[in-house]
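Hello,

Here is the structure for you to look through. Please open it beside this email and follow along.

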Amino acid sequence: MTFASCMPAALDEARAAARRGEVPVGAVLVGADGKVLARAGNRTRELCDPTAHAEILAIRAACAALRSQRLPGARLWVTLEPCPMCAAAISAARIAVLYYGAEDPRMGGVRHGARVFDHPQCHHRPEIIDGISAEESRILLRNFFIARRSDDMTGR
């Protein structure tokens, strides 16, 4: 099987989330066969659901499509380091490889903060490859929050 990055598609999902007024995080979930199972962007505001992170939505969609609670052999591409909630879901779904872009020193749960996969209670630890399109992911997030602060100051 030839390696192909799905980060461009995850970045597309992140940009779509930003256009909806959501924090621009996107995720693409690929099966063991290399086919895209699901893709999603954050929808916490739209769905009034604090769990509607891109990773969670992609995992839910893939599990529903496969009619399975686990995704062994799957690979998840996400533009931002997953938070502790998403890291726990990645472990529960038995995702084989996690690729992510920008680090999240404040809310991350993989290399920062809770470091979910390092806990002895963690039943499954995916392979982790970070820094994929990190700069593009960081810029997208930074510009989103700059624009949001600007809108807050102008009353929009």
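Predicted model: local features only at pLDDT ≥ 70, side-chain atom pairs only at ≥ 80, totals over all residues.

Residues are numbered from 1 along each chain as its sequence is written, and side-chain values use heavy atoms, without hydrogens and water.

Helices (H or I, at least four residues) and strands (E, at least two) are DSSP runs, numbered from the N terminus.

Start with α3. Buried residues (under 20% relative accessible area, 1.4 Å probe, protein chains only) in α3 include Glu55, Leu57 and Cys63. Their cover includes β1, β2, α2, β3 and α4. Just after α3, Arg67 has a positive phi of about 55°.

Next, α4 covers residues 84-92. Cys86, Ala87, Ala89, Ile90 and Ser91 are buried there. What covers them includes α3, β3 and β4. Arg94 follows α4, with a positive phi near 65°.

Now find His124, in the loop between β4 and β5. Is His124 buried or exposed? His124 counts as buried because its relative accessible area is 18%. It touches (heavy atoms within 4.5 Å) residues including Ile90, Ser91 and Arg94, not counting those up to four places away in sequence. A polar atom of its side chain lies 2.6 Å from the backbone oxygen of Ile95.

Best wishes

Key: Buried < 20%, exposed > 50% of the residue type's maximum accessible area, 1.4 Å probe, protein only. Polar contact = N/O pair within 3.5 Å; in protein donor to acceptor, adjacent residues only side chain to side chain.
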